[in-house]
Amino acid sequence: MRLKLFRICQRCIVPVIISLLLLQQSSAQTDKPDKFARNPVIWADVPDPSVIRVGDIYYMSSTTMHLSPGLPIMKSKNLVNWEIIGYAYKTLGDNDALTLQNGKNAYGAGSWASSLRYHKGTFYVTTFSSTTGKTHVYKTKDIEKGNWIESSFRPALHDHSLFFDDDDRVYMIYGGGDIRLIELTADVSGIKPAGVNMVIITNVSRVAGANIGLPAEGSQMNKINGKYYLMNITWPKGDMRTQLISRSDKLTGPYESKVALKYKGIAQGCLIDTPTGELYAFLFQDYGAVGRIPYLVPAKWENGWPVLGIDGKVPDILNIPTTTNGLGNIVASDEFNRKPGEPALPLAFQWNHNPDDRYWSITERPGFLRLTTGKVVSELPKARNTLTQRTFGPDCFGAVAIDVSNMKDGDYAGLAMFQKKYGFVGVKMSEGAKSIVMISAESNSPVETETVPLNQNTVFLKIECDFNNRTDKAYFFYSRDNKNWTTIGKPLQMVYTLPHFMGYRFALFNYATKTAGGFVDFDYFRIGPKSR
């Protein structure tokens with residue numbers, strides 16, 4: 001059985017990448033040759049995947065919430081090796097929460113689970129946001145060049161799945177616990193007046209047991225060989241995230257539901273087939289501080305049902321030839337050198353909330369990223385223009401060189417492990433003197449754990465992360481010559497927290513606590529697997 005296929009022309013993409021080999025994926029995995037793909041296919045925070053196939057190319061959208069640009073679009077030829085090709089939006093909106101103003105923020109909010117679709121020559125990707133109170137719709141004829149056109153409507157339809165039926169009528173399936181169906185206008189710009197609006201499954205979580213914790217959500221709908229298949233997840237109390245599947249002969253129901261996979265909490269995502277008819281589920285697993293990481297799950301058909309996994313388990317090794325695993329340009333080193341016409345930043349970078357473009361530049365000092373403070377704040381999470389990248393497993397490092405000669409009194413600048421319980425190594429300017437500091441917010445409030453005098457204008461900073469077996473430790477270093485490295489402060493015990501709802505990220509920052517206007521110049525950001 002195959003999902004619907006569509007064809008478009010493929011064009012070449014030259015990504016800005018660093019070759020990251022996940023050959024150290026896990027000491028617990030088998031000794032099969034590295035020519036086979038391994039799970040997780042992306043050991044980095046790429047949650048809520050929505051995957052489609054157009055001809056022989058796969059496209060995926062994912063969640064990045066409060067980050068900007070947002071709603072990343074990725075591309076693959078084999079479901080394993082992925083490249084970011086763009087974002088659906090530069091900014092989601094322009095309110096106080098998204099711009100970190102008047103004491104508001106969008107941590108843990110912004111835009112959530114998206115739905116990516118292709119219908120009659122047009123790509124659609126939709127999402128919803130409690131921060132804007134809207135359902136957002138983006139569409140384009142050319143997914144690889146972007147140029148997304150946005151429309152939006154109220155209300156925000158939770159965890160929805162956009163669905164075009166064979167008669168071209170268009171719907172969203174959404175909700176938590178009770179799953180609802182609502183009809184949209186033909187141009188997908190809003191809810192259709194007097195259209196279908198009904199509950200199609202009542203309390204779908206019940207099939208996973210009576211002890212419901214998280215009511216079923218995460219809808220993803222496919223029509224396969226004339227039947228409707230709906231994927232949802234639930235989380236019974238004291239148990240694990242569990243994948244559900246429901247099927248019906250009619251979109252409006254009735255549906256019969258069952259548990260599709262209950263294994264290591266790997267759940268939430270979609271069904272996807274290959275051009276040769278193999279069936280997979282593309283799901284994710286909560287993996288501690290690194291975030292929510294995607295797994296490719298082999299599936300097969302039995303009695304008209306997709307059966308996920310092999311004997312109920314998700315294999316470590318996949319029968320897909322590859323020489324590398326899926327990070328591609330999802331992370332990228334950057335020397336901040338730009339030729340005319342090149343993008344300002346690699347696609348791997350995202351700003352924490354909407355940036356203020358007046359206060360960052362890669363042209364004011366060629367070969368450097370300049371971050372200038374634009375307002376006075378009390379701590380790092382309140383600072384705009386903090387530039388981030390994903391961490392990745394099983395271990396990784398990030399390193400920067402910074403010219404700090406133009407800091408003002410009360411300024412802090414450096415490299416952070418960013419989440420609610422953040423930590424950073426950086427430079428502090430106080431009463432005209434600079435010092436290297438390590439700040440830890442492991443206790444929920446920032447604490448200066450160590451201070452070292454600094455009598456030069458260029459400093460080298462590094463953070464190493466260990467995600468092996470959910471160790472979730474970050475270690476902080478500085479160097480005066482980029483050769484001899486010294487540890488500073490104490491290791492940060494990283495913890496995935498729901499207030500930020502995101503895996504830890506490397507973050508380049510500069511913020512003022514007394515007077516705005518100081519600036520620092522980052523010479524480079526380098527990322528890679530931790531040296532052994």
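Modeller: Residues are numbered from 1 along each chain as its sequence is written, and side-chain values use heavy atoms, leaving out hydrogens and water.

Colleague: Over which residues does pLDDT stay under 50?

Modeller: pLDDT is the predictor's confidence in each residue, from 0 to 100. The protein averages 93, and 93% of the residues score at least 70. Where pLDDT is low, the predicted coordinates should not be read in detail. The stretch under 50 is residues 1-33.

Colleague: Which residues have the most contacts inside the largest nonpolar core?

Modeller: A nonpolar core is a set of buried Ala, Val, Leu, Ile, Met, Phe, Trp, Tyr and Cys residues joined through side-chain atoms within 4.5 Å. Buried means under 20% relative accessible area, exposed over 50%, and partly exposed in between, using a 1.4 Å probe and protein chains only. The largest such core has 90 residues, and those with the most contacts inside it are Trp82, Leu308 and Met417.

Colleague: How many residues does the second, separate core have?

Modeller: Among its members are Ile57, Tyr59, Leu71 and Ala88. This separate core has 20 residues.

Colleague: Which strands stand at the edges of the open sheet of eight strands?

Modeller: Strands (E, at least two residues) are DSSP runs, numbered from the N terminus, and two of them pair if DSSP finds at least two bridges between them. The order is β4-β24-β27-β37-β29-β30-β31-β32, with antiparallel pairing. Two strands have a single partner each, so one side of each is left without a neighbour in the sheet. Those edge strands are β4 (67-68) and β32 (447-454).

Colleague: Which residue is the bridge partner of Ser68 in β24?

Modeller: β4 and β24 (residues 350-352) run antiparallel and are joined by two bridges. In β24, the partner of Ser68 is Trp351.

Colleague: Which residue in the turn between β7 and β8 has a positive phi?

Modeller: Strand β7 (residues 115-119) has five of its five residues buried, with Ser115, Arg117 and His119 on one side and Leu116 and Tyr118 on the other. Five bridges join β7 to the antiparallel strand β8 (residues 122-129), and Leu116 stands opposite Val125. The two strands form a hairpin with two residues between them, and the one with a phi of about 50 degrees is Lys120.

Colleague: Which side chains make polar contacts with the side chain of Asp48?

Modeller: Asp48 lies in the loop between β1 (36-38) and β2 (50-54) and counts as buried at 8% relative accessibility. A polar contact is a pair of N or O atoms within 3.5 Å; within protein, one must be able to donate a hydrogen and the other to accept it, and residues adjacent in sequence count only if both atoms are side-chain atoms. The partners of the Asp48 side chain are the side chains of Thr63 (2.8 Å) and Gln268 (3.1 Å).

Conventions. Predicted model: local features only at pLDDT ≥ 70, side-chain atom pairs only at ≥ 80, totals over all residues. Helix = DSSP H or I, 4+ residues; strand = E, 2+ residues; numbered from the N terminus. Contact = heavy atoms within 4.5 Å.
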